Amino acid sequence: MSLAQELVAALRAVLLGPKPVALHEPCFAGNEWKYLKDCLDTGWVSSVGAYVDRFEADLARFTGAQRAVAVVNGTAALQVALRLAGVVAGDEVIVPSLTFVATANAVAYLGATPHFADSAEDTLGLDPVALARHLEQVALTREGRCVNRATGQVIRAVVPMHVFGHPVDLDGLQKVCEEFGLALVEDAAESLGSYYHGRHTGTFGRLATLSFNGNKTITTGGGGAILTNDEELGRLAKHLTTTAKPPHPWAYAHDQLGYNYRLPNLNAALGCAQLEQLPEFLGRKRRLAEAYAQALGGLDGGRVFREPPDCQSNYWLNALILDRGREAELTPCLEATNQAGIMTRPAWELMHRLPMYRACPRMALPVAESLAGRILNLPSGPRLLA
Ligand SMILES: *Cc1c(COP(=O)(O)O)cnc(C)c1O
């Protein structure tokens with residue numbers, strides 16, 4: 001049997017339910033209808049309301065962050081978090097090439113340039129060792145600032161992304177950031193419910209961001225949040241994302257260029273109901289990951305990616321990583337599984353290969369380039385096991 005045929009047989013043994021099986025379906029099994037009805041009954045559907053405040057408080061409690069600010073989506077959250085971390089037009093920001101496009105787009109929206117870095121095979125996220133080596137070669141420190149010698153631009157921040165929910169090497173990255181004077185901003189869009197050394201991802205950087213898009217671990221339809229442990233940054237995040245209007249009984253003025261990025265109360269109501277079910281979702285996703293690990297354990301040619309040591313992953317999206325040398329089997333595996341009604345997909349096209357980012361600065365990207373040809377995401381929704 002070919003690897004593709006073996007894969008389909010093994011996946012069928014885990015996914016016994018009806019086909020087709022989506023990659024990640026939302027699950028509304030809690031108080032969603034009740035809280036939404038409450039919004040409609042009371043008229044509080046838009047930009048302010050009790051569910052927004054409650055969702056923010058619940059998120060802060062769950063993650064252990066000092067402050068959570070709910071916004072319209074994860075991309076907007078990242079744009080504002082980067083601005084609050086001091087990123088200005090003309091800066092460079094280190095981002096992984098192996099990520100969803102939003103990570104790089106948020107940098108570009110600020111007029112800054114993404115500077116692409118390589119990934120580590122053992123976390124799938126930014127490799128701190130390779131990054132330190134690269135910065136030693138290309139950067140110099142001038143008045144406490146890290147400057148790219150080739151472009152003359154300030155390298156202001158590093159944005160690691162916890163790929164498929166698996167925590168990156170945060171200790172290693174924090175050290176690199178300290179050494180080179182860079183702000184750490186975590187793109188934790190995929191890692192709600194993931195822990196690094198016992199602490200929730202998204203609480204290590206100066207700021208971090210979450211996404212509640214329809215395919216994420218919990219969803220608000222569309223939505224996102226900014227997390228921070230810095231009270232002043234939290235206050236500013238709320239201010240900037242609510243049009244920068246100072247509170248006043250009647251005056252209607254704005255003290256700087258703000259954004260209308262607030263999450264409507266309707267979406268926050270969904271979020272409150274979804275957060276109540278998060279522990280249940282996480283348990284189900286962990287059981288599915290274990291079932292995949294067992295069923296695909298004997299596969300010759302690839303392995304299911306498991307959470308890094310000392311980490312607890314939310315297993316947002318399970319991934320089969322083909323062995324080096326088996327790249328030619330990725331397309332047959334994609335074809336066979338999708339034909340069998342089991343939706344799978346490859347990793348994102350690498351950022352440095354996209355037309356708008358082709359000319360951006362970058363380091364050698366051997367691991368990201370290799371991984372991109374070997375990743376196959378598997379159906380991972382919370383309802384796939386009985
Ligand atoms: C989902 C996601 C985002 C944010 O997406 P939105 O659709 O804007 O909420 C950002 N970064 C990564 C890595 C993501 O997976």
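This is a predicted model: local features need pLDDT of at least 70, side-chain atom pairs count only at pLDDT 80 or more; totals for chains, interfaces and linings use all residues.
View 1. About 30 Å³ of space lies inside the largest cavity. Around that space you'll find Ala189, Glu190, Ser191, Leu192, Ser211, Lys216, Thr217, Ile218 and Asn314. Sorted by class, the lining of the largest cavity comes to three nonpolar, four polar and two charged residues.

**View 2. The second largest pocket.** Here there's about 300 Å³ of space. The second largest pocket has 21 lining residues, with Phe100, Ala102, Ser211, Asn213 and Lys216 nearest its centre.

**View 3. The largest pocket.** This one holds about 380 Å³ of space. Of its 17 lining residues, Val48, Lys238, Thr242, Lys245 and Arg262 sit nearest the centre. Helix H3 (50–63) and helix H8 (231–241) each bring at least two residues to the lining, with H8 giving the most, at three. The class tally for the lining of the largest pocket is six nonpolar, six polar and five charged.

View 4. Thr344 is in the loop that runs between helix H10 (330–339) and strand E15 (345–346). Thr344 counts as buried because its relative accessibility is 4%, and buried means under 20%. Setting aside neighbours within four places in sequence, Thr344 touches Leu23, Leu334, Thr337, Asn338, Leu376, Asn377, Leu378 and Pro379.

Methods. Residues are numbered from 1 along each chain as its sequence is written. Side-chain values use heavy atoms; hydrogens and water are left out. On a 1 Å grid over the protein atoms alone, a cavity is a set of points where a 1.4 Å probe fits but cannot get out, and a pocket is an open set with protein on both sides within 12 Å along at least five of seven lines; lining residues have an atom within 4 Å of a point. Grid points are joined across faces, edges and corners, and a volume is the space filled by probe spheres set on the points. Ala, Val, Leu, Ile, Met, Phe, Trp, Tyr, Cys and Pro count as nonpolar, Asp, Glu, Lys and Arg as charged, and the others, Gly among them, as polar. Helices (H or I, at least four residues) and strands (E, at least two) are DSSP runs, numbered from the N terminus. Buried means under 20% relative accessible area, exposed over 50%, partly exposed in between (1.4 Å probe, protein chains only). Contact means heavy atoms within 4.5 Å.
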